Amino acid sequence: MTRVCLIGDSHLAALKLAWNTLVQEFPDFTLDFFAAPGKTLDGLSVSDGQLVPGSHPLAGSLKLTSGGKSTIAGDYDRYVIHGLELGVPAALEISRKYRAERHAKDWRTPISDDCYAEAVRGAARATLAGRTLVKLRAITTAPIFVCPTPMADARNQKIRQAMVETGEARDVVRLFVEGCERLARASEARFLSQPDETLEADGIGTKASLSSAPARFHAELAAKNDNSHMNTAYGEAVLRKALMAAA
């Protein structure tokens, strides 16, 4: 039996609910889910071969999502990090600042294209996922897989328009994926990109149908469609890809 530990934020709910369906498809796996909202997981620290919570709220979130466990052990066969700020918006912000610099009419010297590309790639290192990966690698030599936060629903016009306005949306996505791959390799992990079947044809948004009835750890939030949290169908696509890689 392969024991898999999944670590993430609120987006991990889609994968946890998906496991109810996929458990029959992967009978040789057992999964434990550890999640906490927002940046709360930054409170994890390495201690005696485990990741331990630094606050009662974090411990409570871990217990709630894992079914009673408040620490993340280093003896799982596989680990999956999902979300934790590892998404395109961070890279998009760098792209918008870059364009502003390029067109600024003052004394500043605009950054070079190479510098811009490196900044977009490097955006992955500054995420909570990057910090969590380093901590996790400190307690285990097991395979680790890193999955990004889902791209916003294609109906999220604010983010979509911002990406289109840069004039280089596909380049932002490509460079950020390269940054995620570098991040993973630096810790001898593997980056798993968002499944192609979940993306719109232009590759810069998740299919609108996948944010309908989003999966959430707290029932009162499930009724709120924010165009960024995805449903069980999305979770199935991501979790299936992760488990097939982990097999």
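What you're looking at is a predicted model, where local features need pLDDT of at least 70, side-chain atom pairs count only at pLDDT 80 or more, and totals for chains, interfaces and linings use all residues. Residues are numbered from 1 along each chain as its sequence is written, and side-chain values use heavy atoms, with hydrogens and water left out.

**The overall build**
- The chain has 9 helices and 8 strands; these are DSSP runs numbered from the N terminus, with helices being H or I of at least four residues and strands being E of at least two.
- Of its 247 residues, 49% count as buried, meaning under 20% relative accessible area, with exposed being over 50% and partly exposed in between (1.4 Å probe, protein chains only).
- Among contacts (heavy atoms within 4.5 Å) with a separation of 6 or more, 76% are between residues 24 or more positions apart.

- Cys147 counts as buried because its relative accessibility is 3%.
- Cys180 is buried too, at 2% relative accessibility.
- Searching the whole structure turns up 0 disulfides, a disulfide being a pair of cysteine sulfur atoms within 2.5 Å.

**Meet Thr232**
- You'll find Thr232 in helix 9 (residues 232-246).
- Thr232 has a relative accessible area of 25%, so this residue is partly exposed.
- Skipping neighbours within four places in sequence, Thr232 touches Ala14, Leu17 and Ala18.
- From Thr232 to Pro214 is 18 residues in sequence and 7.3 Å in space, C-alpha to C-alpha.

**Empty spaces**
- Rolling a probe the size of a water molecule over the atoms shows where empty space is left.
- On a 1 Å grid over the protein atoms alone, a cavity is a set of points where a 1.4 Å probe fits but cannot get out, while a pocket is an open set with protein on both sides within 12 Å along at least five of seven lines; lining residues have an atom within 4 Å of a point.
- There is 1 cavity of 30 Å³ or more, and the residues lining the largest cavity include Ser10, His11 and Tyr234.
- The second largest pocket has a volume of about 300 Å³, volume being the space filled by probe spheres set on the grid points, which are joined across faces, edges and corners.
- Of the 19 residues lining this second largest pocket, Met151, Val173, Val177, Ser193 and Leu199 are the closest to its centre.
- Helix 7 (residues 169-186) gives the largest share of that pocket's lining, 5 residues.
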